[in-house]
Amino acid sequence: MGRNKIVMKKIEDSTSRKQFYSNRKDSIVKKSNELAVVCGTDVGLLMFSPSGQLTTYSSKESIEDIMIEAMNKSVNPRPIPNLNEQLLMQSLKQSKSEGQMVGKIAMYDTLLWDSVYVY
């Protein structure tokens, strides 16, 4: 007995769709990590759940690094960049620097609270 072919279509029941997404999300992130490690590639993954929750994976330091690199290595380089591409690039660079600042603030906050409370 062989396997039956599954017809790929949208799951109409919202509860079933959310449950299916939840079950498959971790396996997709795991496969992305395996691809990055085994093949030595840069992998960036953005997923939005049916409820709008964001899941990201990046084989580099941040997802912004991969997106900036992808935009810099465009297949069809044009002499004049599109205005939307310029705005996206600025937004990515700002997001990356803001993420680094938030990380530093969290680190200093942790150090501050560790120095206040003596164990």
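In what sense, parallel or antiparallel, do S1 and S2 pair, and over how many bridges? Strand S1 and strand S2 (residues 54-58) run antiparallel to one another, and five bridges join them; two strands count as paired if DSSP finds at least two bridges between them. This is a predicted model, in which local features need pLDDT of at least 70 and side-chain atom pairs count only at pLDDT 80 or more, while totals for chains, interfaces and linings use all residues. Numbering starts from 1 along each chain as its sequence is written, and side-chain values use heavy atoms, with hydrogens and water left out.

First, the overall layout. The chain holds three helices and two strands, in the order α-β-β-α-α from the N terminus. Helices (H or I, at least four residues) and strands (E, at least two) are DSSP runs, numbered from the N terminus. Of the 119 residues, 15% are buried, where buried means under 20% relative accessible area, exposed over 50%, and partly exposed in between (1.4 Å probe, protein chains only). The chain exposes about 10,300 Å², with carbon and sulfur atoms supplying 58% of that area; accessible areas come from the Shrake-Rupley method with a 1.4 Å probe, and for residues only the protein chains shown count as cover. Among contacts with a separation of 6 or more, 32% link residues 24 or more positions apart, a contact being heavy atoms within 4.5 Å.

Back to the strands. S1 and S2 make a hairpin with five residues between them, and Gly 52 in the turn has a positive phi of about 95 degrees. In a regular strand the side chains alternate between the two faces of the sheet. S1 puts Leu 45 and Met 47 on its covered face, and Gly 44, Leu 46 and Phe 48 on the uncovered one.

Leaving aside neighbours within four places in sequence, Leu 45 touches Ile 28, Val 29, Ser 32, Thr 55, Thr 56, Tyr 57 and Ile 63. Leu 45 also belongs to the largest nonpolar core, a group of six that takes in Tyr 21, Ala 36, Val 43, Met 47 and Tyr 57 as well. Helix H1 (14-39) and S1 each supply at least two residues of this core. A nonpolar core here is a set of buried Ala, Val, Leu, Ile, Met, Phe, Trp, Tyr and Cys residues joined through side-chain atoms within 4.5 Å. In soluble globular proteins, nonpolar side chains tend to be buried together. Ser 32, which sits in helix H1, is buried too, at 10% relative accessibility. Beyond its neighbours within four places in sequence, Ser 32 is in contact with Val 43, Leu 45 and Tyr 57.

Leu 46, in strand S1 (residues 44-48), is partly exposed, with a relative accessible area of 44%. Leu 46, Phe 48 and Leu 54 together make a nonpolar surface patch of about 320 Å². Patches are built from residues with over 30% relative accessible area and no salt bridge, joining like charges within 9 Å and nonpolar side chains (Val, Leu, Ile, Met, Phe, Trp, Tyr) within 5 Å.

Now for the charged pairs. Side chains of opposite charge can pair when their charged atoms come close. Two salt bridges turn up in the whole structure, each needing a side-chain nitrogen of Lys or Arg within 4 Å of a carboxyl oxygen of Asp or Glu. In one, Lys 31 meets Glu 34, with the closest N and O atoms 3.9 Å apart. These residues are three apart in helix H1, so about one helical turn separates them. Lys 31 is exposed at 56% relative accessibility, whereas Glu 34 is partly exposed at 34%. The other bridge joins Asp 42 to Lys 60, with the closest N and O atoms 3.7 Å apart. Asp 42 lies in the loop between H1 and S1 and Lys 60 in the loop between S2 and helix H2 (63-72), so the pair ties together parts that are 18 residues apart in sequence. Asp 42 is partly exposed at 40%, and Lys 60 is partly exposed at 31%.

That leaves helix H3 (residues 83-116), where Glu 85 is found. Glu 85 is 14 residues from Met 71 in sequence, with 8.1 Å between their C-alpha atoms. Leu 88, also in helix H3, is 20 residues from Ile 68 in sequence and 9.1 Å away, C-alpha to C-alpha. Glu 85 is partly exposed at 29% relative accessibility, and Leu 88 is partly exposed at 38%.
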